[in-house]
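Open the model in your viewer and have the selection panel ready. The stops below say what to select and what is there.

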Amino acid sequence: MDNSYLIETKNLVKTYRMGEHTLVALDKVNLNFKKGEFAGLVGPSGSGKTTLLNIVGSLDTPTEGSAVVMGNKIEDLTHKEAAALRNMNIGFIFQTFNLLPVYTVFENVEFPLLLHDLTAEERKKMTMDALEWVGLADRAKSKPAQLSGGQSQRVAVARAVVKKPSIILADEPTANLDAENSHNILQTMEELNKNLGTTFIFATHDEKVIRYLRRKITLIDGAVAKDEAVTPRRAQGGDE
Amino acid sequence: MIIPKLALRNILGAGIRTWLNVIVLSFAFVTIIWTQGLYQGMSRQSVRATVDAEYGGGQYWQENYDPLDPLSLEDGHGPIPESLDTLIQKDQATAILVIQGTIYPNGRIQPILIKGIDPQQKILSLPTEALETEEAEIPAFIGTRMARNAGLKEGDTITLRWRDVQGTFDARDVEIAAIMNTTVPTVDQGQIWVPLKTIQELAQMSNEASLVVLQKDLKVFPDVPGWNFKSRYFLLSDIRELVQSKSAGAMILYFILILLAMLAIFDTQVLSIFRRRKEMGTLMSLGMTRWKIIQLFTLEGALHGVLAAIVAAIYGIPLLTLFAKKGWALPGSADSYGFAFGQKIFPVYSAGLVLGTTLIVLVITTIVSFLPTRKIAKLKPTDALRGRMS
């Protein structure tokens, strides 16, 4: 495999047993991602977007084929090694934000850093920096229940970027947001992508997200139907 | 250190659910310590009272004397040996002669034990000075229980019948010179105390005794031919066993209390794991290992025990201290327990009892908290994120 790629998948297959039947979620997917990409997996529900994201994020393992993320063969990783890979190099953004309800905004964003060997001072600085990036420094002491959907997702973005990972995987990040909040979030992510060089990979079928992508990978029935470089069309404005 | 901090933050964040469990568990803590302390206090009071009133520092029994065998009492006496007499002369021991007799209170026949004791003895805490009166020909004292059963009061005269050493029946009137209020039923029920010399003379057992009670602080117990030494430990074995059996009965209460508290914690844990699957998935996505999540959830459960210990200490220490100082008034029927305790029991809470109870509850809480978390070991991050159990 080529070392210049951050992520490489080769003949990636993922199947699920559904009683007597076998469901093919990914069918011989070959994809490569370089550092700093702003790419999206698009396609209808059940096309394998989330499954691919989960494997790349070391949350799942392939049935066949290979996925190499930052030199780590996902299929060979132990549970502990996979956790370490996620902890050090991968940030996740979920559709439903997945904030920890009993923690404040600050504590939610600080959480990934608690698993690193950092002093309280270092953690505090990095957390506040991340909250500044997403424009929520003034809500540091709020609880998630006190935030709007857009604010919650910005906290989730801050939590994903706080440790400055190489890769951020975002699964339908705007599905629960209105148009304005979606654009705000996407603009924030785009800036982080430019400023920090973080690779963003989205799983989405939201047109609002697709407009921001620089690479669009269309999945249909678990297979790559189209992989194309695109020009971001966010300037075109107008929400569907 | 991250896991304890997170666990504490999580259970405090859970609010009322946590505090309900903590309060239930703290009740278990306080009740267990209180009842156990009550039995310890009961045991200590009983031992102290019985030693003071009956056992002293140990007893020498004439070789045929067996207080549990009424048929052998006839032969259970003998001349006081010189070595024991020396102790008696030095006020380090006192002799007691026990023979069978009968009284006739209010026209009824009541078999009793007649116990002769030196009116000037200082070994046992019995009101023997009442026997020094010259107003009555044969003065006697009895306990309150005996007085109640026989319908006797101070100043009453009753007929006392006995058999002398030859087996001949004899009888005299004795006057109740005192009614003693004792907590020790075994020096009270079914017995009457008279001066030793008088009963020795009447029974023609001059200078004889059934047992010799030693001073409490005597340490050397030489062999005396024809007499068997019974240590305080031996004499107290009945009380020990009685307390142990009562204490074992209380174990049912502890078991129910602990079971209720543990059910609450187990239920909370199961519910928590079921409800927080998505959170577990999030923690995994943030880089936490399954083992760390198991630790987190187990510790959350175990912290209920720690918080319960703190809450129990906050209201339990003043409450239990108050009980220890003021005592716990016993119902009148408590006499039938067979224990020698006063009208109040003063609980005793030893460090071993408090630490032992705390440790046991914490260990059980941790185990109960751990059991439901084993499911997490098989949990796939992707299933957890979807809110499913693998």
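Start at F29(B), which touches A308(B), A309(B), A312(B), G316(B), T357(B) and V361(B), leaving aside residues up to four places away in sequence. Two residues are in contact if their C-beta atoms, placed from the backbone, lie within 7 Å.

Before going on, note that this is a predicted model, in which local features need pLDDT of at least 70, side-chain atom pairs count only at pLDDT 80 or more, and totals for chains, interfaces and linings use all residues. Residues are numbered from 1 along each chain as its sequence is written, with chains lettered from A and ligands numbered from 1 in the order in which they are written.

Next, select L41(A), V56(A), V157(A), A158(A), L169(A) and I201(A) together with F29(B): these have the most contacts inside the largest nonpolar core, which has 108 residues. Helix α9 (residues 290-326) of chain B supplies the largest share of this core, eleven residues. Another core, of 50 residues, lies apart from it and includes Y60(B), A93(B), V184(B) and I192(B). A nonpolar core here is a set of buried Ala, Val, Leu, Ile, Met, Phe, Trp, Tyr and Cys residues joined through C-beta atoms within 7 Å. Buried means that 20 or more other C-beta atoms lie within 10 Å of a residue's own, exposed that 12 or fewer do, and partly exposed is in between, with C-beta atoms placed from the backbone.

Helices (H or I, at least four residues) and strands (E, at least two) are DSSP runs, numbered from the N terminus. From first C-alpha to last, the 37 residues of α9(B) reach 52 Å, close to the 54 Å expected at 1.5 Å a residue; the expected span is 1.5 Å times one less than the number of residues. Where does α9(B) have a kink? Look at G316(B), shortly before the proline P318(B), for a kink of about 45 degrees. The bend at a residue is the angle between axes fitted to the seven residues ending there and the seven starting there. After the helix comes G327(B), with a positive phi near 80 degrees.

Stay in chain B and select strand β10 (residues 211-214). L211(B) and V213(B) point one way, V212(B) and L214(B) the other, and all are buried. Strand β1 (residues 59-62) of chain B pairs with β10(B) in the antiparallel sense over three bridges, with Y60(B) opposite V212(B). Strands pair if DSSP finds at least two bridges between them. Strand β3 (residues 93-103) of chain B also runs antiparallel to β10(B), joined by four bridges; there, I96(B) has L211(B) as its bridge partner.

Move to chain A and pick helix α1 (residues 49-56). Eight of its eight residues are buried, so the helix is largely enclosed by the rest of the structure. Just after α1(A), S58(A) has a positive phi of about 60 degrees.

Last, select T174(A), in the loop between β7 and α6 (179-196) of chain A. Is T174(A) buried or exposed? T174(A) is buried, with 26 other C-beta atoms within 10 Å. Its contacts, not counting residues up to four places away in sequence, are S182(A), I185(A), D206(A), K208(A) and V209(A). T96(A) is 78 residues apart from T174(A) along the chain, and their C-alpha atoms are separated by 9.1 Å.
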